[in-house]
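Here is a set of questions and answers for a student who is learning to read a protein model. Please keep the sequence and the structure in view while working through them.

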Amino acid sequence: MVLELKTTAQVVTLLESGSGSLYFGEAVTQLEHALQTAALAERSGAPDALVVAALLHDIGHLLHGLDEQAADRGIDARHEDVGESWLASRFSPAVSEPARLHVAAKRYLCATDPVYVSGLSEASRQSLTLQGGPMSDSEVHAFERTPWAQDAIRLRRWDDAAKVPELRVPDVTHYLARIDQYVEE
Ligand code: FE
């Protein structure tokens with residue numbers, strides 16, 4: 001229980017460290033983006049683990065300490081990998097896997113859903129190139145067979161919508177019990 005509280009406290013510290021930095025090229029901070037993604041998941045009736053995954057999907061940005069100019073400088077932070085190893089060592093796969101796969105889900109949706117592509121923000125279009133562009137047909141088929149891929153796709157759509165300036169959503173404390181519930185150390 002002590003360890004669980006420790007991880008939850010780390011999560012709060014990391015997320016709150018994102019209150020001062022803009023989310024890569026968007027008009028919201030990293031903390032606002034995380035809270036909006038989680039709120040959209042909750043509003044969609046997602047299972048608790050997926051709500052937690054939505055809250056933590058970009059934790060790699062905050063672990064890495066790269067600023068919002070990274071995409072402009074042509075640096076792919078590989079934040080899903082950094083975040084995935086941090087999450088995978090602390091959380092159930094129902095949380096860590098959708099987070100790990102959320103960039104792959106963007107490449108999947110760009111290959112399979114023309115409406116999705118037309119709705120991407122400018123910054124998200126720019127980072128797509130750094131992330132490998134749309135998936136090939138064989139990548140699409142492999143992704144569809146990956147466990148947690150459908151959760152990652154749902155998460156991705158909330159992620160893309162979670163960029164609304166000044167939106168009022170619940171704060172981190174709203175999610176503490178659910179974060180605790182999925183800690184596995
Ligand atoms: Fe995100």
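A residue is called buried when its relative accessible area is under 20%, exposed when that area is over 50%, and partly exposed in between, using a 1.4 Å probe and protein chains only. The model is predicted, so local features need pLDDT of at least 70 and side-chain atom pairs count only at pLDDT 80 or more, while totals for chains, interfaces and linings use all residues. Residues are numbered from 1 along each chain as its sequence is written, and side-chain values use heavy atoms, with hydrogens and water left out.

Q: What percentage of the residues in the protein is buried?
A: The protein has 185 residues. With the cut-off of under 20% relative accessible area, the buried share of these residues is 52%.

Q: How many helices and how many strands are there in the protein?
A: Helices (H or I, at least four residues) and strands (E, at least two) are DSSP runs, numbered from the N terminus. Read along the sequence, the pattern is α-α-α-α-α-α-α-α-α-α-α-α. The count is therefore twelve helices and zero strands.

Q: Is H3 largely enclosed by the rest of the structure or largely open, and how many of its nine residues are buried?
A: The buried residues of H3 are Ala49, Leu50, Val51, Val52, Ala53, Ala54, Leu55 and Leu56. H3 is largely enclosed by the rest of the structure, because the number of its nine residues that are buried is eight.

Q: Which residues does Leu55 contact, leaving aside its neighbours within four places in sequence?
A: Contact means heavy atoms within 4.5 Å. Leu55 is also among the residues with the most contacts inside the largest core. Leaving aside neighbours within four places in sequence, its partners are Leu15, Ala34, Leu35, Ala38, Tyr175 and Ile179.

Q: Are H3 and H6 parallel, perpendicular or oblique to each other?
A: Axes are lines fitted to C-alpha atoms, for helices over the stretch in contact, and angles run from 0 to 180 degrees between N-to-C directions. H3 and H6 pack at an angle of about 45 degrees, with their axes 8 Å apart. Angles under 35 degrees count as roughly parallel, over 145 as roughly antiparallel, 65 to 115 as roughly perpendicular and the rest as oblique. H3 and H6 are therefore oblique.

Q: Which residues of H6 make the contact with H3?
A: From H3, the contact is made by Ala49, Leu50, Val52, Ala53 and Leu56. The residues on the side of H6 are Ala94, Val95, Pro98 and Ala99.

Q: Where is Ala46, and how far in space is its C-alpha from that of Asp151?
A: Ala46 has its place in the loop between H2 and H3, and it counts as buried because its relative accessibility is 10%. Leaving aside neighbours within four places in sequence, Ala46 is in contact with Ala41, Val51, Arg154 and Trp158. Ala46 and Asp151 are 105 residues apart in sequence, yet their C-alpha atoms have a distance in space of 9.1 Å.

Q: Is Val117 buried, exposed or partly exposed?
A: Val117 is found in helix H8 (residues 114-118). Leaving aside neighbours within four places in sequence, Val117 is in contact with Leu109, Cys110 and Arg125. Its relative accessible area is 26%, so Val117 is partly exposed.

Q: At roughly what angle do the axes of H7 and H9 cross?
A: Lys106, Arg107 and Cys110 in H7 meet Ser124, Ser127 and Leu128 in H9. The axes of helix H7 (residues 102-112) and helix H9 (residues 122-130) come within 11 Å, and they cross at roughly 100 degrees. H7 is therefore roughly perpendicular to H9, as follows from a crossing angle of roughly 100 degrees.

Notes: A nonpolar core is a set of buried Ala, Val, Leu, Ile, Met, Phe, Trp, Tyr and Cys residues joined through side-chain atoms within 4.5 Å.
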